[in-house]
Amino acid sequence: MAASDNGTILVVEDDAAVRNLVATALDVHGYRHREVASATAALLELTSARDLSLVILDLGLPDRDGVEVIRTLRGWSLMPVIVLSARQEDADKVAALDAGADDYLTKPFSVDELLARVRVALRRLAYEPGALSQQQPATYSNGPLAIDYDAGVATLAGKELHLTPIEYKLLALLAKNTGKVLTHNFILKEVWGSALASDLPSLRVFMATLRKKIEPAADSPRFIQTHVGIGYRMLQVDASES
């Protein structure tokens, strides 16, 4: 698929030098794009434009924090969001990913890596529709944890879990393979579309935020077991615990 067939990328960045760098890189590789410099302008584009397929978003915007933009967007859309930010603290990454970002790159950044992540996001967008429902049963049950794949909804003890798109994908992948240890590389390829070593920290962050939502005690996992240096496994919970 040619880059020009992938819709339009919205670049949200108030630093003109960074905005021009990203725009030039997208131009050179044939991606259509538009640029805005504020959260207000970004939300106007996101609510009115019909050709957008991906957002590259700075967090330090002049009028609103980029995390707020992500939360607002997630109210109606699962459009991929790649955060491009100078914030390097884990807490900032967790906040953005938990709000619904699909990826997080810190400044200074490699243009080649940004383009690789753009390709991954667009490829995932192109091939994911209906994939879960084709490969898995319509529903999943493991003790009090349940997933309705058709609806894209997970519940715990009958209460809906508010998961980000990536958290849901991780949970669905682990559930499909209950009892099996899934390696980091396997999970990265299935969820991120690649197994870049630089994606491993993002996997760990997403897994931590997912666990906070489904595990009653972090030091005594009930559902997701860590195999240090290898990967993760969904544990089978006794049916009587549901």
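## Hairpins and salt bridges

Let's start with a turn: β7 and β8 make a hairpin that leaves four residues between the two strands, and within that turn Gly152 has a positive phi of about 70°. Keep in mind as you look around that this is a predicted model.

Now follow the two strands themselves. β7 and strand β8, which covers residues 153-156, run antiparallel to each other and pair over four bridges. If you want a spot to check by eye, find Ala146, which sits opposite Thr155 in β8.

β7 has a partner in β6 as well. Strand β6 (residues 139-142) pairs with β7, again in the antiparallel sense and over four bridges. Here Asn142 is the residue standing opposite Leu145 in β7. The hairpin of β6 and β7 has two residues between the strands, and Gly143 takes a positive phi near 60° there.

Stay with β7 a moment and look at where its side chains go. Strand β7 spans residues 145-148, and its side chains alternate. Leu145 and Ile147 point to one face and are buried.

Next, the charged side chains. How many salt bridges does a search of the whole structure find? The total is 11, and a few of them are worth a visit.

Take Asp102 and Arg74, a salt bridge whose closest N and O atoms are 2.9 Å apart. This pair ties together distant parts of the chain, 28 residues apart: Asp102 lies in the loop between α4 (90-99) and β5 (103-106), while Arg74 lies in the loop between α3 (66-73) and β4 (81-85). Both Asp102 and Arg74 are buried.

Move along to Asp103 and you meet another salt bridge, this one with Arg117, with 2.5 Å between the closest N and O atoms. It too links distant parts of the chain, with Asp103 in strand β5 and Arg117 in helix α5 (residues 111-127), 14 residues apart. Are these two residues, Asp103 and Arg117, buried or exposed? Both are buried.

Glu68 has a relative accessibility of 36%, so it counts as partly exposed. Arg64 is partly exposed too, with a relative accessible area of 29%.

One last stop: Glu13, Asp58 and Lys107 are joined in a network of salt bridges.

Notes:
Residues are numbered from 1 along each chain as its sequence is written. This is a predicted model: local features need pLDDT of at least 70, side-chain atom pairs count only at pLDDT 80 or more; totals for chains, interfaces and linings use all residues. Side-chain values use heavy atoms; hydrogens and water are left out. A salt bridge is a side-chain nitrogen of Lys or Arg within 4 Å of a carboxyl oxygen of Asp or Glu. Buried means under 20% relative accessible area, exposed over 50%, partly exposed in between (1.4 Å probe, protein chains only). Two strands pair if DSSP finds at least two bridges between them.
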